[in-house]
Amino acid sequence: MKKILAMLLAFVMVFSIGCGKQDNKNKPDENGTEPKTENQIKNGTYKGSADGRGGEITVEVTIEDDVITAIEVVKQNETPGLDTAMNTLTSEILEKNTLDLDVVSGATITSNAFLEAVTNALKTANATPDMLKKIDVSDTTVKKEDVTETHDIVVVGAGGAGFCAAIEAKAAGADVIILEKLPLAGGNTLISGAEYAAAGNWLQEKEGIKDSPELHAEDMMKGGDNINDPELVKVVTENALAGAEWLRDEIGVVWEDELMQFGGHSVKRSLVPKGASGREIISKQLKKAEEMNIPVLLETKATELITDDNGKVIGVKAEGKDKNYTFNTNKAVIITTGGFGSNLEMRVKYNPEIDEKILSTNSPGSTGDGIVMAEKVGAALVDMEYIQTYPICDPLTGTLLYFDDARLYGYTVIVNKEGKRFVEELGRRDVMSMAIKAQTGSVCYELMDQKAYEESHLEENHSAEIDYLFKNKLLVKADTLEEAAAFFDIDVDEFKKTVANYNKYVKDGKDPEFNKRSLPSTIETAPFYIVKAVPAVHHTMGGIKINTNAQVINTDGKVIEGLYAAGEVTGGIHGTNRLGSDALADITVFGRIAGQNASK
Ligand code: ADP
């Protein structure tokens, strides 16, 4: 177990894995003299590179007798968490001696770049992957071992909610284990911006912003069209600040010194984690879990809850890579498996409009497993039809674009192909998404100037994404508005008129067209940037019904003993529509409550 955690914590290090000798005696010498060999590939250590999500990945590959015996990653800057995909692939390559492997789910770009870098290393040896010795791995396929273990609590899903639950349960003295079906922890939390709405926080105090949990609750209810469960909303808003402080003081999460205001929030109340990314939350939670000796079992998928004759949950079954587990629980199972945004079939079942034409920002782990498992033991489901799309996503992959951070500071204008604004840029996500879907080509164009670019720290926080956008012609930087608009074939005259009007609204402090709620700055400092974007599925509001103790409620309205749920897997908290930065508050507050109560 320790080994697994150690692997996960290998994030920031340049790591080296291999079973062979790094110092190969058959390596070509300084003079380039090659040893005599009958092999197809010359023995040696070769370097290769390829571009990942965070820039160049460089590997050194050692080959002995047509077998890859070691791979050392000498340079990489992938997202912590996603970089573990390279460990997984290295193990597979060393075991099977082939590059014909599936990508690690959840880390497609990193996986592909890593495999390409290894292929490029072979190229420098004038070799191709098919020259590697074929190894028959069929004999080594062992039958899965059946394993039975007993723990006080099993947490299913290693995302933000799961870690909060496990850490609290362990702190209360329970023996806890976390199961995670993917080869990496983090889920949607890892790939999110992880901003956190907390009324009455220390930065609001400093800035003199008046706020209260009641006002936050009103915003959540309004944003969710008042179908949210007000009791659950109250729990989130009243405990949000304590949750953010707990993350800061107990878990070591660093919050930036600046607040953000997301659509639908009536004041600036959202804390921003370091780097404006969920990696700050997940990496610190992983570290804490390791310090507390909480095992995280990766590639272990929970498949079924176990109940006794009275319907009480007494364990969970799971499939590991080489083991079939039965986990018995003394106290409880806590489901924190996230939403179902990556499960097309389930999306369409509950809302036919969210079909294959809509991409997804979600982790591939968000397939609704926990919802299905809980439903089988009688859990009630709520609000399943409400599926949120995020307005500003990559038109090629559906990934949420952090370039959009500038919008949340109020700096941007969004136009259509005709060069016209069509929606309030700080409006609700669902309203904006549907408005974009209705425009020419179902796309939008977001404009900002150099001042906005700098003040939103885009280069500091998201430079890899910016490189990617430029490379794929989804982002333009130009000295004039005309040039920027022409790049995307936007109606230049209309566009210029739109920007001139907008600048006037900023000066007047009032936007008569769309009533934009924050107008901090005109758009006039060259160079100008335009990003092209589409909406994609972002969050599933519906899920398992819980009470204020995070206990799961059955279809008769009664508590299912031994079963708790927290995070995106639950329903009822956000109504029809979740406001930005309310998810982190929700998963932290209810994750902690689930862990505390389950351990009693
Ligand atoms: P939340 O924000 O509610 O914490 P996340 O999406 O961040 O949700 O995390 C949910 C985690 O649960 C993901 O890492 C996902 O891969 C994991 N998961 C989903 N289904 C299963 C399952 N059947 N068994 C184990 N882990 C699962």
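The largest cavity is lined by Phe262, Gly263, Tyr390, Arg407, Leu408, Gly427, Arg428, Arg429 and Gly580. A cavity here is a set of points on a 1 Å grid over the protein atoms alone where a 1.4 Å probe fits but cannot get out, and lining residues have an atom within 4 Å of a point. The lining comprises 3 nonpolar, 3 polar and 3 charged residues, with Gly counted as polar and Tyr as nonpolar. The volume of the largest cavity is about 60 Å³, taken as the space filled by probe spheres set on the points, which are joined across faces, edges and corners. The count of cavities of 30 Å³ or more is 1.

The model is predicted; local features need pLDDT of at least 70, side-chain atom pairs count only at pLDDT 80 or more, and totals for chains, interfaces and linings use all residues. Residues are numbered from 1 along each chain as its sequence is written, and side-chain values use heavy atoms, with hydrogens and water left out.

The ligand is surrounded by 25 residues, of which Glu180, Asn188, Thr189, Asp369 and Glu568 are the closest; a residue is included if one of its heavy atoms lies within 4 Å. By class, this shell holds 7 nonpolar, 13 polar and 5 charged residues.

Polar contacts are pairs of N or O atoms within 3.5 Å. A polar backbone atom of lysine 181 lies 3.1 Å from a nitrogen atom of the ligand. Ligand oxygen atoms are placed 3.4 Å from a polar backbone atom of glycine 186 and 3.3 Å from a backbone N or O atom of glycine 187. Of the 580 Å² of accessible area that the ligand has on its own, the protein covers 98% (Shrake-Rupley method, 1.4 Å probe).

Note on methods: A polar contact is a pair of N or O atoms within 3.5 Å; within protein, one must be able to donate a hydrogen and the other to accept it, and residues adjacent in sequence count only if both atoms are side-chain atoms. On a 1 Å grid over the protein atoms alone, a cavity is a set of points where a 1.4 Å probe fits but cannot get out, and a pocket is an open set with protein on both sides within 12 Å along at least five of seven lines; lining residues have an atom within 4 Å of a point.
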